[in-house]
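Here's a quick briefing to read alongside the structure.

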Amino acid sequence: SKAWIKAADVTVYAKWGTGSSVTLPTITKTGYECGWTTSSTGTSIEKSSGASYTATANVTMYGVCKVCGYKISYNKNSSSATGTMSDTNCTYDEDCTLTSNRYSLTNYTFNGWNTKSDGTGTSYAHKAKVKKLTSTCSGTATIYVHWCRNCASVSNGSCSLDASTAGTCKYTTKCNTGYTISNNGIYNPTCTPITYTIKYNGNSNDHGSMADTSCTYGSNCKL
């Protein structure tokens, strides 16, 4: 038998005579469980797609597809994170609202959810509406917390974290006067003191010469 992919709402009928032993045609529709029923108005699956069926009387079978349900599981994505979260029950083809995050991790900030533990999948914001995370009937779709490392203390400057966009940890560094930013855009940047040069002017005295002196901002400089 061949599989039939249901791309639109249609009615399918199949007739067999008494004593016929057949393999029912396979009906498929992504996110749905499909099969056969003997009632033209039936919504329950009596025989699975591809099942063997022996008729005891003349019978007409009707194709029926039922939308699948699935669960969303929330993974804290760190063995050090604390808190618990229950699964969310969802229906394929319908919006499903993510539960508020209840996990916490010392020195980290919650930054939404991701379909992959390493953050390379699809990102979802806090309490986002999602759909079709899995097409497996009664299956489980796991999403993972995306954590942003909180800013470390910065000598001679400051670091701020913007974790408002799911999947993106945006760090901004500001350095005090006399310091320049090294490795900006990370949680532990460095503000490095600038170097400057002192030049000596003889003020119309053209006898002799003096070499320049290189100094570091914030440190004593010997003339």
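Let's start with Cys159, which counts as buried because its relative accessibility is 19%, and the cut-off for buried is under 20%. Keep in mind that this is a predicted model. Cys159 is part of a disulfide with Cys151, and the two sulfur atoms sit 2.1 Å apart.

**Disulfides**

- Cys151, the partner of Cys159, is partly exposed, with a relative accessible area of 27%.
- The S-S torsion of Cys151 and Cys159 is about -50°, so this disulfide is left-handed.
- Cys175 pairs up with Cys191, at an S to S distance of 2.1 Å.
- That pair ties together distant parts of the chain: Cys175 belongs to strand 17 (residues 170–175) and Cys191 to strand 19 (residues 190–193), with the two cysteines 16 residues apart.
- The torsion about the S-S bond of Cys175 and Cys191 is about -85°, so the disulfide is left-handed.

**Nonpolar cores**

- The largest nonpolar core has 18 residues, and the ones touching the most other members are Ile72, Tyr74, Leu98, Tyr103, Trp113 and Trp147.
- Strand 9 (69–75), strand 12 (108–114) and strand 15 (140–149) each put at least two residues into this core.
- There's also a second, separate core of nine residues, with Val22, Leu24, Cys34 and Ala55 among them.

**The loop residue Thr134**

- Thr134 sits in the loop between strand 14 (129–130) and strand 15.
- Is Thr134 buried or exposed? With a relative accessibility of 16%, Thr134 counts as buried, because the cut-off is under 20%.
- The Thr134 side chain reaches the backbone nitrogen of Thr136 at 3.2 Å.
- Setting aside neighbours within four places in sequence, Thr134 is in contact with Tyr70, Tyr92, Gly139, Thr140 and Ala141.

Note on methods:
Residues are numbered from 1 along each chain as its sequence is written. This is a predicted model: local features need pLDDT of at least 70, side-chain atom pairs count only at pLDDT 80 or more; totals for chains, interfaces and linings use all residues. Side-chain values use heavy atoms; hydrogens and water are left out. A nonpolar core is a set of buried Ala, Val, Leu, Ile, Met, Phe, Trp, Tyr and Cys residues joined through side-chain atoms within 4.5 Å. Buried means under 20% relative accessible area, exposed over 50%, partly exposed in between (1.4 Å probe, protein chains only). Helices (H or I, at least four residues) and strands (E, at least two) are DSSP runs, numbered from the N terminus. A polar contact is a pair of N or O atoms within 3.5 Å; within protein, one must be able to donate a hydrogen and the other to accept it, and residues adjacent in sequence count only if both atoms are side-chain atoms. Contact means heavy atoms within 4.5 Å. A disulfide is a pair of cysteine sulfur atoms within 2.5 Å.
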